[in-house]
Amino acid sequence: MFSLKDRITLVTGAGSGIGAAIAETFAKAGGFVFVTDRDEKGGRETVARIAAQDGQAEFLPLDVSSEADCARVAESVHGRFNRLDVLVNNAGIGHVGTMLTTTGADLDRLYAVNVRGIFNVTKVFIAGMVQRKAGAIVNMASIGAVVGVRDRLAYVTTKFAIAGLTKAMALDHALDGVRVNCICPGRVETPFVTGWIKKYPDPEKAYREACATQAVNRMGRPEEIAAAALYLASDEAGFVTGTEFIIDGGFSAGK
Ligand SMILES: NC(=O)c1ccc[n+]([C@@H]2O[C@H](COP(=O)([O-])OP(=O)(O)OC[C@H]3O[C@@H](n4cnc5c(N)ncnc54)[C@H](O)[C@@H]3O)[C@@H](O)[C@H]2O)c1
């Protein structure tokens, strides 16, 4: 329904989970997708799945916390197409801990990827978008950017920062034709979540409990988040900027 035909798009962290689903959804909608990730194997697998469905995609290695990587990627994108229409800042990492158990180094590590990473990547593309008076940016926040989540001190701190960055940018560039939104998913079944569940003494119980935090008593699927990213990237969302798009199976609706 929503088309990205002839649009040049870039997704960070597209080698796994939600980012991979967004890249595949964008390609199905007719977009050219730069699949970027610091994990080359995962990124190339996403490109292979897109190519198998006759979609258009290319892998570019990118660690979002590296300014040098961002500059190199921007050069590749602008060298090939001279523009970027849609940027999805999806790459992110998590950490389990309270103020008692989180170190300053843990917080810095999360900040470098989740917040500074979005800053770094956006920085190399925003001037081109403003100059062309066209662009859509979608940042991956979390339900932890809307409400607190227990035992996720550093993660929640960075995700609230993403919501702030999104709103500030949306205001700054509303009259430049650039829309900036963030998505706030509840728990979605990806290696990100199954990874920490496996570490619990009783992983099956931890899985059931993770599902039960959402009113629908299940986790989201990556494609369900990708559908929202497609909408926000599309022209149909022309009146949508500065929002926190919550997709959480009722997580934040109340107890
Ligand atoms: N899965 C969930 O329940 C959930 C919920 C809310 C928000 N999110 C957010 O969605 C985003 C994607 O999460 P996911 O569940 O798909 O995780 P995932 O771990 O399955 O995938 C994340 C991808 O990001 C990449 N990545 C990590 N650090 C990077 C860096 N510095 N540079 C470039 N790539 C990097 C990883 O290699 C991986 O391919 C994250 O921002 C996460 O915080 C996830």
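Which residues of S6 are buried on one side, and which on the other?

1. On the basis of the note: this is a predicted model, in which local features need pLDDT of at least 70 and side-chain atom pairs count only at pLDDT 80 or more, while totals for chains, interfaces and linings use all residues. Residues are numbered from 1 along each chain as its sequence is written.

2. On the opening question: Val-178, Val-180, Cys-182 and Cys-184 lie on one side of S6, with Arg-179, Asn-181, Ile-183 and Pro-185 on the other, and all of them are buried, a residue being buried if 20 or more other C-beta atoms, placed from the backbone, lie within 10 Å of its own. In a regular strand the side chains alternate between the two faces of the sheet. Strand S6 covers residues 178-185, where strands are DSSP runs (E, at least two residues) and helices are runs of H or I (at least four), numbered from the N terminus.

3. On the neighbours of S6: strand S5 (residues 135-140) runs parallel to S6 and is joined to it by 6 bridges, pairing requiring at least two DSSP bridges, and Met-140 has Ile-183 as its bridge partner. Between S5 and S6 the chain passes through helix H6 (residues 153-173) in a right-handed β-α-β crossover, meaning that, with the strands pointing away from the viewer, the path from the first strand over the helix to the second runs clockwise. Strand S7 (residues 244-247) is also parallel to S6, through 4 bridges, and Ile-246 is the bridge partner of Cys-184.

Key: A residue is buried if 20 or more other C-beta atoms lie within 10 Å of its own, exposed if 12 or fewer, and partly exposed in between; C-beta atoms are placed from the backbone.
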